Amino acid sequence: MSENENKESLNFIEQMIEDDLKSGKNSFVQTRFPPEPNGYLHIGHAKSIVLNFGLAEKYNGKCNLRFDDTNPEKESTEYVNAIIEDIKWLGYDYGDKPLFTSDYFDTLYEYAIKLIKKGKAYIDDQSAEEISAGKTNPSIPGIESPFRNRSVEENLSLFEEMRDGTASEGSRVLRAKVDMSSPNMQMRDPIIYRIKKVAHHRTGDKWCIYPNYDFAHGQSDSLENVTYSLCTLEFRDHKPLYDWLINELEIFPSEQTEFARLNLGYTIVSKRKLLQLVEENHVSGWDDPRMPTISGFRRRGYTPESIKSFAHKVGVARRDGVTDIALLEHSIREDLNKKANRVFGILDPLKVVITNWPESKTEMMPAVNNPEDESAGKREMPLTREIYIERGDFKEDPPSPKKWYRLGPDREVRLKYGYIIKCTGFKKDEAGNITELHCEYDPQTKSGHDTSGKKVKGTLGWVSAEHAVKAEVRMYDRLFKTENLNTIDDDFTNHLNPDSLTINNKVLLEPSLASAKVGDSFQFERQGYFIVDPDSDENNLIFNRTVTLRDNWSKM
């Protein structure tokens with residue numbers, strides 16, 4: 001590949017890194033993934049994880065997992081542990097241990113002292129409302145705080161009182177002294193420390209003041225020698241402050257670069273709104289298989305490889321857009337098509353009696369486990385006099401043969417891996433519902449040994465009635481019925497899909513699934529991909545539908 005062709009294949013961040021390494025601006029690559037432990041990671045975070053860890057892998061660098069734990073009111077150890085589990089599940093290595101912004105609280109405090117001594121930070125006694133009003137709007141200069149020109153000595157004394165806990169919560173803040181006339185509102189003397197008399201999940205009651213994100217983030221990057229601090233576009237206006245703080249503190253010059261966040265169709269990627277779904281019981285929890293969280297996708301049957309493949313397909317862009325969720329669903333189909341064994345699962349069973357089959361006869365029929373993977377081998381399925389097929393595979397009054405290839409009166413189909421059968425009659429209940437089919441099989445038509453010369457187009461899945469395994473199947477679908485939720489004006493919960501979960505307790509499975517374990521994935525032939533749910537036990541086998549075989553929403 002020529003140098004020009006190589007450049008064309010790189011995204012803009014990779015091109016920047018390669019230019020920096022070539023020019024000598026940087027001699028190594030250090031990235032970081034900095035989640036706030038105030039919720040579970042979602043698919044948008046997965047894109048950032050794949051980007052940050054992937055760049056470190058590509059350029060023989062390192063990526064830190066650093067928790068941005070500066071807001072103790074909303075953070076917990078539960079979220080920390082869940083995030084660590086997600087990172088490990090995706091297969092990424094963050095080194096010996098995760099890092100925390102709280103690891104640097106002492107250093108950050110000293111950085112704040114340094115700014116005060118330089119005359120670049122001051123204590124403001126105004127209320128939050130007064131500070132906000134003083135910033136006015138981008139078209140006119142802000143109003144300077146009456147406390148902006150306090151002496152260094154007074155600011156140091158007041159800041160010490162804040163740390164010692166003698167100042168009440170909300171009574172004062174520490175602000176950076178930047179530029180109240182800047183058109184960038186982030187530069188109008190931003191708050192960098194506030195009083196929060198709340199115990200921290202790691203430091204306990206040691207601190208009652210906490211740094212704001214903008215003050216802690218860039219400085220933590222610098223302390224870790226992060227060369228590429230990659231943020232989504234909403235932090236673009238924060239970059240001048242990021243650079244200002246690093247310059248004023250005279251510390252390692254980490255550099256912030258922004259890329260487009262992931263907006264996914266039919267999906268909410270806001271931790272605040274996802275928390276609302278959990279708290280209002282619209283879902284069963286953060287790992288509900290309808291949730292766009294990594295733990296939800298894992299429980300639904302998505303694989304790390306499918307998530308990574310999706311992230312690579314989406315790519316890295318400079319502008320926000322909405323990605324079709326069909327691309328994510330395609331990624332898991334593509335991965336499971338190669339990995340998942342095929343089995344028969346009958347979701348709406350209809351009994352079939354093969355009247356010319358001996359009552360005591362059981363014949364084992366060899367079945368291919370995965371046509372995409374010869375090493376998966378074969379299994380044997382018992383064929384008996386009574387079997388079950390899908391109710392939808394029979395019509396009492398079917399259309400013409402050119403439009404209907406399944407079973408009907410006097411019609412023939414092949415049982416996959418079995419024989420050709422012909423419907424000779426059926427039974428109905430008092431309501432007119434068909435309850436049982438009567439068929440005859442042709443002994444000359446055994447799959448793989450057919451000597452009859454018959455040609456039939458229809459092939460049906462089936463399970464032996466005697467050997468069938470009962471199961472519950474949770475049919476999951478998209479959580480929302482509206483594609484672009486960023487454009488709605490009303491409550492987002494009004495757009496929930498009422499059919500996002502239906503539970504089917506009638507399912508009959510082939511006997512090989514009796515030994516299926518939690519986390520095992522299968523393709524139910526002609527139905528979709530399914531995974532054994534953790535709620536399963538020895539008395540109750542539960543499957544979650546991961547995804548349908550085809551995109552049914554495109555037809556709606």
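Is Glu144 buried, partly exposed or exposed, and what is its relative accessible area? Glu144 is partly exposed, at a relative accessible area of 45%. Keep in mind as you look around that this is a predicted model.

## Salt bridges

Glu144 has a charged partner in Arg148, and their side chains meet in a salt bridge with an N to O distance of 3.5 Å. Arg148 counts as buried, with 9% relative accessibility. The model holds 46 salt bridges by the rule used here.

Another of them joins Arg172 and Asp125, at 3.6 Å from N to O. Arg172 belongs to the loop between helix H7 (152-164) and strand E5 (173-176), while Asp125 belongs to the loop between strand E4 (121-124) and helix H6 (128-134), so this pair ties together parts 47 residues apart in sequence. Arg172 is buried at 13% relative accessibility, whereas Asp125 is partly exposed at 27%.

Asp348 and Arg391 also meet in a salt bridge, with 3.7 Å between N and O. Here the link runs from the loop between strands E13 (345-346) and E14 (349-354), which holds Asp348, to the loop between strands E17 (386-390) and E18 (412-415), which holds Arg391, so parts 43 residues apart in sequence are tied together. Asp348 is partly exposed, with a relative accessible area of 31%, and Arg391 is partly exposed too, with 32%. Elsewhere, a network of salt bridges links Asp287, Arg299, Glu472, Arg474, Asp533 and Asp535.

## Aromatic rings

Now for the rings: the count comes to 23 aromatic pairs. In one of them, the ring centres of Phe53 and Tyr92 are 5.0 Å apart and the planes meet at 25 degrees, so the pair is stacked. Phe53 is in helix H3 (residues 43-58) and Tyr92 in the loop between helix H4 (77-90) and strand E3 (99-100), which makes this a link between distant parts of the chain, 39 residues apart. Both Phe53 and Tyr92 are buried.

Phe105, Tyr109, Phe159, Tyr193, Trp207, Tyr210 and Phe215 form one aromatic cluster. Over the face of Tyr109 lies Arg163, 4.6 Å from the ring centre. Phe100 has a charge over its ring as well: the charged end of Arg202 sits 3.8 Å from the centre.

## A seven-stranded sheet

Seven strands make up an open sheet with mixed pairing, in the order E21-E18-E19-E20-E14-E17-E22. Its edge strands are E21 (459-460) and E22 (463-464), each pairing on one side only. Within the sheet, strand E19 (residues 420-428) pairs with strand E20 (residues 434-441) in the antiparallel sense, over seven bridges. Phe426 stands opposite Leu437 in E20.

Terms used
Residues are numbered from 1 along each chain as its sequence is written. This is a predicted model: local features need pLDDT of at least 70, side-chain atom pairs count only at pLDDT 80 or more; totals for chains, interfaces and linings use all residues. Side-chain values use heavy atoms; hydrogens and water are left out. Two strands pair if DSSP finds at least two bridges between them. Helices (H or I, at least four residues) and strands (E, at least two) are DSSP runs, numbered from the N terminus. Rings of Phe, Tyr and Trp (its six-membered ring) pair if their centres lie within 6.5 Å; planes under 30 degrees apart count as stacked, over 60 as edge-to-face and the rest as tilted. Buried means under 20% relative accessible area, exposed over 50%, partly exposed in between (1.4 Å probe, protein chains only). A charge sits over a ring if NZ of Lys or CZ of Arg is within 6 Å of the ring centre and within 35 degrees of the ring normal. A salt bridge is a side-chain nitrogen of Lys or Arg within 4 Å of a carboxyl oxygen of Asp or Glu.
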